[in-house]
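I opened this notebook to look up some side-chain contacts and ring pairs. My entries follow in the order I checked them.

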Amino acid sequence: MQFQLRTEMAFRFVALDACLSCVSAGILQAAPLAIAPKAVEDYDPNPQYSYGYDIQDSLTGDSKSQSETRNGDVVQGSYSLVDPDGLRRTVDYTADPVNGFNAVVRREPLAVKVVHAPAPVAYAAAPQIARVSYAAAPSVAYPTPIGYSAAPVVAKIAYSSPAVSYHF
């Protein structure tokens, strides 16, 4: 079985090699690849756009904005956000073919905002849980076998929490 598979694979390899040799020698001609004609794309020699957004979320404190304008190869924009240290970072940038990309970064403290503390909320007192105590089991005296000494005395241990106490 193995010999037959090896022979069959060798035959396929030889046949493929022979076909490739004939094509490279010019005896056989390979079919040309069909290439679809490329569609002509619309080209705008003077692209223009302008966009912007502003987010001021009082619930999460998220505050950021961005605006950008493009006129041909010149792009101008600005974005700002609040950094984790509480300062507002503002970046003004321009990009053009002559000067490349240039940015100016400013960091400014936020305007002081007075936040009034909310009115105190009255809560009902937490329910009291009765303290539970467990007494140690009564000690039973067993006769001591000959050759053994008495067991050591064990100290009484108590565990407690605000709600429950355990005594052993």
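Predicted model: local features only at pLDDT ≥ 70, side-chain atom pairs only at ≥ 80, totals over all residues.

Residues are numbered from 1 along each chain as its sequence is written, and side-chain values use heavy atoms, with hydrogens and water left out.

Entry on Asp83. I found Asp83 in the loop between β3 and β4 (strands are DSSP runs of E, at least two residues, numbered from the N terminus). Its side chain makes a polar contact with the side chain of Arg89, at 2.7 Å. Beyond neighbours within four places in sequence, Asp83 is in contact (heavy atoms within 4.5 Å) with Arg89 and Arg107. Asp83 counts as buried, at 10% relative accessibility (buried is under 20% relative accessible area, exposed over 50%, partly exposed in between, with a 1.4 Å probe and protein chains only).

Entry on rings. I looked up the aromatic pairs and found three. Rings of Phe, Tyr and Trp (its six-membered ring) pair if their centres lie within 6.5 Å; planes under 30 degrees apart count as stacked, over 60 as edge-to-face and the rest as tilted. The Tyr79 and Tyr93 pair is tilted, because the ring centres are 6.4 Å apart and the planes stand at 50°. Tyr79 lies in strand β3 (residues 74-82) and Tyr93 in strand β4 (residues 87-96), so this pair ties together parts 14 residues apart in sequence. Tyr79 is partly exposed at 30% relative accessible area, whereas Tyr93 is buried at 9%. Ring pairs also link Tyr79, Tyr93 and Phe101 into a cluster.

Conventions. Helix = DSSP H or I, 4+ residues; strand = E, 2+ residues; numbered from the N terminus. Polar contact = N/O pair within 3.5 Å; in protein donor to acceptor, adjacent residues only side chain to side chain.
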